[in-house]
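Please look at the sequence and the model shown here, and keep both in view while reading.

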Amino acid sequence: MNKLNIAVIGLSGIGLTHVRAILANDNTELAGVCASRESSLAKARELAPGVFATTQVEELLQQDGIDAVVVATPDHYHAVHTIAALESGKHVLCEKPMADKLDDCIRMVETAKKAERALFVGQVCRFSPGFLQAKRLLNSGAIGELFFVESEYAHNFDDVGAGKSWRTDPAIGREQMVGGGCHAADIVRMYCGNAVEVQAYSNHKVLKSWSADDTMIGIYKFANGAIGKVFTSGAVRRDYTMRTVLYGSKGSIIVDNKSDHLQLYSKELDTSFMGTPNARHTENYAIAIPTGNNTKNVPEQLAAFVKTVQEGNASVESGQSGANTVAMCTATVEAAKTGQAVTIRNPFPES
Ligand SMILES: NC(=O)c1ccc[n+]([C@@H]2O[C@H](COP(=O)([O-])OP(=O)(O)OC[C@H]3O[C@@H](n4cnc5c(N)ncnc54)[C@H](O)[C@@H]3O)[C@@H](O)[C@H]2O)c1
């Protein structure tokens, strides 16, 4: 099978992580890089000497031999860069959040369908081993029927307000619940499906340089009857962990994206689903199941994107899921601002 030639637009921390993943993958070639900042281009050139590099997105997209593009520019550029890439015939892996506005997400999916190109959204936590293991346990019936799920996106973002950043620019109005909270909302959706209604609260007590509230909590009803919660903050004084808890009729799972194990509490313990000889009982009748966790699963995500494209599949399934996650997050912001419960307008059916 031919290697997939992939270019990357946006070359800061996460963009360079994509570059490294493409360089390390046997099925991909780095076909070009693009960033508005010369300093970003310089770092990419260090990783890939001689690679085609430009500050202009249009120039990159006109290059011959590019099959696909990773869009890793700031959130508010995702729609314009993704749509330009799709319209020039490229498959796209777009960083999370899919876009900062729901209508843009819908346009991105429509453009991909028209262009018959794959649209994949980089909700990388879906590739985190712990979250995947929790999904397998849930599907196996280990905790029975899920009735409550919660997750979080909690960081200490003091430094982001220090200089001028798109993340804190009032003219851009980035909402933490959409920009970062989409990780937690997406994980909750992975377990519970689409949320249908939200109530939310927020405050702004710590990061005064931010234009938006630094802390928000959304409380959800899901189509399947479960309820849930997503907490986001840029102001917490502790490590980033994305602690996620699933409560079911027969047991509970506590899992995050950093620990090398998850905790399974089960009323009716059937060890056959564990699939690992290293699982052990603890005093409180929980099992710690090794997961082999790490926080950056960009290589696994890239492999899934490449597989989709190489199977000749112009799939927009991931794009549709990314749009539903943005719908959940933007409705949460609306609920916090209005003080009213908001019906969530999921643009696509659950896949
Ligand atoms: N998946 C994750 O865990 C994760 C982690 C960090 C960031 N992100 C997402 O990745 C995106 C980038 O975040 P970041 O922290 O790297 O941002 P950043 O501001 O540090 O870097 C943005 C990069 O995009 C380039 N850029 C900006 N505007 C451009 C334009 N108009 N044309 C071409 N290049 C342009 C800049 O030169 C820079 O290289 C955001 O959407 C963010 O939400 C995802």
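Predicted model: local features only at pLDDT ≥ 70, side-chain atom pairs only at ≥ 80, totals over all residues.

Residues are numbered from 1 along each chain as its sequence is written, and side-chain values use heavy atoms, with hydrogens and water left out.

The protein chain is divided into domain 1 (4-124 + 297-316) and domain 2 (126-295 + 329-343); such bounds come from an automatic or database domain assignment. Between the C-alpha centres of domain 1 and domain 2 the distance is 26 Å. To the contact between them, domain 1 gives 15 residues and domain 2 gives 16 residues, where contact means heavy atoms within 4.5 Å.

Next comes the sheet. Helices (H or I, at least four residues) and strands (E, at least two) are DSSP runs, numbered from the N terminus. Two strands pair if DSSP finds at least two bridges between them. An open sheet is built from 6 strands in the order E3-E2-E1-E4-E5-E6, and the pairing is parallel. Strand E3 (53-54) and strand E6 (119-122) are at the edges with a single partner strand each, so one side of each has no neighbour in the sheet. Within the sheet, strand E4 (residues 68-71) pairs with strand E5 (residues 91-95) in the parallel sense over 4 bridges. Val69 has Val92 in E5 as its bridge partner.

Which strands does helix H1 lie across? Helix H1 (residues 13-24) lies across strand E1 (4-9), strand E2 (28-34), E4 and E5, and runs at about 150° to E2. For such angles, axes are lines fitted to C-alpha atoms, for helices over the stretch in contact, and angles run from 0 to 180 degrees between N-to-C directions.

Pro97 is found in the loop between E5 and H5, and a cis peptide bond with omega of about -20° joins Lys96 to Pro97. Glu116 lies in the loop between H5 and E6; Glu116 is not a glycine, yet has a positive phi of about 55°.

Now to the packing of helices. Two packed helices are described by the angle between their axes and the distance between the axes. Angles under 35 degrees count as roughly parallel, over 145 as roughly antiparallel, 65 to 115 as roughly perpendicular and the rest as oblique.

Helix H4 (residues 78-87) packs on H5 at an angle of about 5°, with the axes 9 Å apart. H4 and H5 are therefore roughly parallel to each other. Their contact involves His78, Ala79, Thr82, Ile83, Leu86 and Glu87 of H4, with Asp104, Arg107, Met108, Thr111, Ala112 and Ala115 of H5. The residues of this contact are 6 nonpolar, 3 polar and 3 charged. Here Ala, Val, Leu, Ile, Met, Phe, Trp, Tyr, Cys and Pro count as nonpolar, Asp, Glu, Lys and Arg as charged, and the others, Gly among them, as polar.

Helix H5 (residues 102-115) also packs with H10, at an angle of about 170° and with the axes 9 Å apart. H5 and H10 are therefore roughly antiparallel. From H5 the contact takes Leu102, Cys105, Val109 and Lys113, and from H10 it takes Gly319, Gln320, Ala323, Val326, Ala327 and Thr330. These residues divide into 6 nonpolar, 3 polar and 1 charged.

At what angle do H8 and H10 cross? The axes of helix H8 (residues 181-192) and helix H10 (residues 317-338) come within 9 Å and cross at roughly 115°. That makes H8 roughly perpendicular to H10.

Strand E12 (residues 251-255) and strand E13 (residues 261-266) pair in the antiparallel sense over 4 bridges, and Ile253 has Leu264 in E13 as its bridge partner.
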